[in-house]
Amino acid sequence: TLFRSTLKTLPAYVPQAFLAAEDRRFYRHGPVDLLGILRAARVNLSAGSIIQGGSTLTQQIAKTLFLTPDQTLKRKVQEALLAWRLERMLTKDEILELYLNRVFFGANAYGVDAAAQTYFGKGAGQLSLSEAALLAALPKAPSRLSPSRDLPGAIARSHLVLDRMLQEGWITPQARAQALAHPPTLVAEAQDEGDYGYVLDLAAAQAQPLVGQSAPNLVLHLTVDPMLQTSAAQIVRRVMQSE
């Protein structure tokens, strides 16, 4: 994606919505949350099936970056060890930013800014509380809860996110009521890369020989600003005309 969000560029309720959905105690526990594991085990035992995971947000990042999705004991141990190493190398804020920029939202959207553009036609810094809660509801099941496929289901899940944010004291009852009264509206058509698609292809082609196969999850930061009114194609045409 051409977009990258930082905590400083986002309203506070955007990262808080994701913490409410995925890891409310993120800033209060280490790489592995033993309380979370015990709570999930109790819930799953009562339900007779696995309906709640105990992975921390850091463990999710470790799995996304380095591991396969196999549900085995060996992989869970590897996940915990990698999470421990990540928290020694990065701050909690950096890990949260990494998560926000790498998580999958369905519709070929990776990262909160790409998802905001895809579903709402705006940057992540412009998201409303109800929109942020909806996006935070998607990573758990991006295909099943895709707003373009099941908007009522995604909104119902977003209400749980708002409830958790209220419980944590991150939003007020008034803010929750306002968000419920103004549910998010999807853009008529999903945004695509348009004239910037060739920029992604060119950057990927030039980066691959430099890193080889040693960085399968490499993140590229480009100097092209997709929010500019002048498109990349127009710039190329002007350069060619001036030669």
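1. In this predicted model, the count comes to one cavity of 30 Å³ or more. About 40 Å³ of space lies in the largest cavity. Its lining consists of Ser130, Ile155, Ser158, His159, Leu162, Ala179, Leu180, Pro183 and Pro184. Helix 8 and helix 9 are the elements that give two or more residues to this lining, and helix 8 gives the most, with four residues. By class, the residues that line the largest cavity are six nonpolar, three polar and no charged.

2. The two helices named above also pack against each other. Helix 8 spans residues 147-167 and helix 9 spans residues 173-181; the angle between them is about 170°, and their axes are 10 Å apart. Helix 8 and helix 9 are therefore roughly antiparallel to each other, given that angles over 145 degrees count as such. On the side of helix 8, the contact is made by His159, Leu162, Asp163 and Leu166; on the side of helix 9, it is made by Pro173, Arg176, Ala179 and Leu180. Five nonpolar, one polar and two charged residues make up this contact of helix 8 with helix 9. His159, Leu162, Ala179 and Leu180 take part in the helix contact and also line the largest cavity.

3. A further residue of helix 9 deserves a remark. Ala175 has its place in helix 9 and is partly exposed, with a relative accessible area of 26%. Between Ala175 and Ser130 there are 45 residues of separation in sequence, whereas in space the C-alpha to C-alpha distance is 9.5 Å. Ser130 is one of the residues that line the largest cavity.

4. Which residues of helix 5 are buried? They are Lys92, Ile95, Leu96, Glu97, Tyr99, Leu100, Asn101 and Arg102. Because eight of the eleven residues of helix 5 are buried, this helix is largely enclosed by the rest of the structure. The buried residues of helix 5 pack against helix 1, helix 3 (57-66), helix 4 (73-89) and helix 6.

5. Among these partners, helix 1 may be described in detail. The axes of helix 1 (residues 13-22) and helix 5 come within 11 Å of each other and cross at roughly 85°. That makes helix 1 roughly perpendicular to helix 5, since angles of 65 to 115 degrees fall in that class. In the contact, Pro15, Phe18, Leu19 and Glu22 of helix 1 meet Leu96, Tyr99 and Leu100 of helix 5. The residues of this contact of helix 1 with helix 5 divide into six nonpolar, no polar and one charged. Leu96, Tyr99 and Leu100 are also listed among the buried residues of helix 5.

6. Ala107 is found in the loop between helix 5 (92-102) and helix 6 (112-120). Although Ala107 is not a glycine, it has a positive phi of about 55°. Ala107 is partly exposed, with a relative accessible area of 44%. Asn108 lies in the loop between helix 5 and helix 6 as well, and the phi of Asn108 is near 60°, a positive value in a residue other than glycine. Is Asn108 buried or exposed? Asn108 is exposed, with a relative accessible area of 73%.

Methods: Residues numbered from 1 in each chain as written. Predicted model: local features only at pLDDT ≥ 70, side-chain atom pairs only at ≥ 80, totals over all residues. Heavy atoms only, no water. Axes fitted to C-alpha atoms, helices over the stretch in contact; angles between N-to-C directions. Parallel < 35°, antiparallel > 145°, perpendicular 65-115°, else oblique. Contact = heavy atoms within 4.5 Å. Nonpolar A, V, L, I, M, F, W, Y, C, P; charged D, E, K, R; others polar. Buried < 20%, exposed > 50% of the residue type's maximum accessible area, 1.4 Å probe, protein only. 1 Å grid on protein atoms, 1.4 Å probe; cavity = no way out; pocket = protein on both sides within 12 Å on 5 of 7 lines; lining within 4 Å. Points joined across faces, edges and corners; volume = space filled by probe spheres on them.
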